[in-house]
Amino acid sequence: MKIKNLLLIGALSMFAFTACKDENKKDDMDDADDMEMNDETAEMDDMDEMDAENDADYENEMDADANENEMNLAQVAMASQDHSTLVSAIQGAGMVTKLETEGPYTIFAPTNSAFNELPKGTVEELMKPENKEKLEAVLSYHIIPGNVTAMKLKELIKSNKDNEYELVTANDGKLMATVDNSGNVILTDGRGKKATVVAADMNGSNGVIHSINSVLMRNKLKFV
């Protein structure tokens, strides 16, 4: 009888130990599950935060593009530090309204450095009230009716067997466009002088501006 009692006590002790061990194992598994769930939640939170940041960046880029396209050509030129001389000339020629409201136009815009390369006193002479018509003629020679992006212009050039394309300006002048070995668009004016497109596709609501490194002219300027 005493032996039976000892065996019974031993069995109960073993059962209690096993149950306790199982309970501890279950607690450990629950803790592991909780930690895994917390890790997954944190990871999802990080992903959500990254998605939100990406969405914000995309919206900012879209807003920037929208703001650029909301500006007309006159405003795009005025916003460029490299074209302040051109802007002054546009204002002096009374062409601001034209570039604000009409179009679409493609403007080959000489940089400030390009104007500085002209013979001394040329810009000052052009800006005089009595030379307003000459100034307007010079500026109009840089304007092409239609919206011609850099890619479109290169396609037009390459579509011709002689790899050149004749552009007709707003005042019926002619510019010959070619592409050099470096892939740059080169414009040749009526004097045979060349200008290179140094920055392309500044888009506006009524056209596009390409920056060039030389002032184009149909013929040599003459002042009385």
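This is a tour of a predicted model, moving from a helix to the cores and then to a set of paired strands.

Residues are numbered from 1 along each chain as its sequence is written. Local features need pLDDT of at least 70, side-chain atom pairs count only at pLDDT 80 or more, totals for chains, interfaces and linings use all residues, and side-chain values use heavy atoms, with hydrogens and water left out.

**Helix α7**

Select residues 132-140, helix α7. Helices (H or I, at least four residues) and strands (E, at least two) are DSSP runs, numbered from the N terminus. Leu-135, Val-138, Leu-139 and Ser-140 are buried here (under 20% relative accessible area, with exposed over 50% and partly exposed in between; 1.4 Å probe, protein chains only). Their cover includes α3 (84-92), α6 (122-126) and β2 (143-145).

**Ala-93**

Ala-93 is buried, because its relative accessible area is 3%. Leaving out residues up to four places away in sequence, Ala-93 touches Lys-132, Leu-135, Glu-136 and Leu-139 (contact means heavy atoms within 4.5 Å). Its C-alpha atom is 9.2 Å from that of Leu-126, 33 residues apart along the chain.

**The cores**

Now select Ile-90, Leu-99, Ile-107, Leu-139, Ile-209 and Val-215, the residues with the most contacts inside the largest nonpolar core, which has 28 residues. Such a core is a set of buried Ala, Val, Leu, Ile, Met, Phe, Trp, Tyr and Cys residues joined through side-chain atoms within 4.5 Å. At least two of its residues come from each of α2 (73-78), α3, α4 (96-101), β1 (105-110), α5 (112-116), α6 and α7.

Centre on Ile-209: apart from neighbours within four places in sequence, its contacts are Leu-73, Val-76, Ala-77, Ile-107, Ala-109, Ala-200, Asp-201 and Met-202. A second, separate core has 15 residues, among them Leu-167, Ala-195, Val-197 and Leu-216.

Select β5, residues 185-188. In a regular strand the side chains alternate between the two faces of the sheet. Val-185 and Leu-187 lie on one side of β5, Ile-186 and Thr-188 on the other, and all are buried.

Val-179 is opposite Val-185. Five residues separate the strands of this hairpin, and Gly-183 in the turn has a positive phi of about 85°.

Finish with β6 (residues 194-204), antiparallel to β5 and joined to it by three bridges. Leu-187 faces Ala-195 across this pair. This hairpin also has five residues between its strands, with Gly-192 in the turn at a positive phi of about 90°.

Key: Two strands pair if DSSP finds at least two bridges between them.
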